Amino acid sequence: MDIKPVTPDFAVADQVTASDLEQLKQLGYQTLICNRPDGEAEGQPTADSLAAAAEAMGFGWAWIPISSGVFTDEAVAAFAAALNGHAKPALAFCRTGTRSVTLWALSQAGGQPVEALLSQAAAAGYDLSAHARRLADRHQA
């Protein structure tokens with residue numbers, strides 16, 4: 001598991017497994033957001049199994065599965081609701097973290113300048129420049 005902090009209250013990671021939960025708890029994360037659909041890769045844990053393990057350890061949990069590159073307005077709204085409705089810090093994860101950081105940026109675009117979002121994502125190792133127009137549109141809306 002490779003955790004990449006984006007803000008003091010939010011980070012992204014690649015696939016989380018049940019064996020990672022103790023480490024995440026020790027690092028202080030309080031909420032987990034899974035953006036990976038079940039069955040995307042062989043051997044990937046199911047969202048239900050991760051949810052049960054995470055909730056048993058006291059984590060907040062949200063499952064917002066999206067296919068790679070498909071960032072619907074509904075998924076963005078669900079992501080924003082998960083961030084706003086659960087304790088922080090939060091960690092969102094998918095196969096590489098890219099979907100999670102993209103959802104985060106889109107969910108924050110109404111309240112932050114596009115350049116700030118692109119910069120925060122870049123500092124975590126993600127290039128979201130392909131989404132600059134949509135981020136700008138959401139910022140203006």
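In which helix is Ser100 found? Ser100 is found in helix 4, which covers residues 98–108, where helices (H or I, at least four residues) and strands (E, at least two) are DSSP runs numbered from the N terminus. The structure is a predicted model, in which local features need pLDDT of at least 70 and side-chain atom pairs count only at pLDDT 80 or more, while totals for chains, interfaces and linings use all residues. Residues are numbered from 1 along each chain as its sequence is written, and side-chain values use heavy atoms, with hydrogens and water left out.

The chain contains 6 helices and 5 strands, and from the N terminus on these elements follow the order β-β-α-β-α-β-α-β-α-α-α. The radius of gyration is 14 Å, close to the 14 Å that the globule rule gives for 141 residues, so the chain is as compact as a globular protein of that length; the radius is taken over C-alpha atoms, and the rule is 2.2 Å times the number of residues to the power 0.38. Along its principal axes the C-alpha trace spans about 40 × 30 × 25 Å. Of the 141 residues, 44% count as buried, a term that means under 20% relative accessible area, with exposed meaning over 50% and partly exposed in between (1.4 Å probe, protein chains only). Among the contacts (heavy atoms within 4.5 Å) with a separation of 6 or more, 72% come from residues 24 or more positions apart.

Ser100 is buried, with a relative accessible area of 0%. The side chain of Ser100 reaches the backbone nitrogen of Phe93 at 3.3 Å, a polar contact being a pair of N or O atoms within 3.5 Å, of which, within protein, one must be able to donate a hydrogen and the other to accept it, and for which residues adjacent in sequence count only if both atoms are side-chain atoms. When residues up to four places away in sequence are not counted, Ser100 touches Phe10, Val12, Asn35, Phe79, Ala92, Phe93 and Cys94.

Thr31 is buried at a relative accessible area of 1%, and Ile33 is buried at 0%. Leaving aside neighbours within four places in sequence, Ile33 is in contact with Ala62, Ile64, Phe79, Ala82, Leu83, Leu91, Ala92 and Phe93, whereas Thr31, with residues up to four places away likewise not counted, touches Phe59, Gly60, His86, Ala87, Pro89, Ala90 and Leu91. One of these partners of Thr31, Pro89, has its place in the loop between helix 3 (73–85) and strand 5 (90–93). The peptide bond from Lys88 to Pro89 is cis, with omega near 10°, although most peptide bonds are trans.

Gln44 is buried, with a relative accessible area of 13%, and a polar atom of the Gln44 side chain lies 2.9 Å from the backbone oxygen of Pro37. Apart from neighbours within four places in sequence, the contacts of Gln44 are with Gln15, Arg36, Pro37, Asp38 and Gly39.
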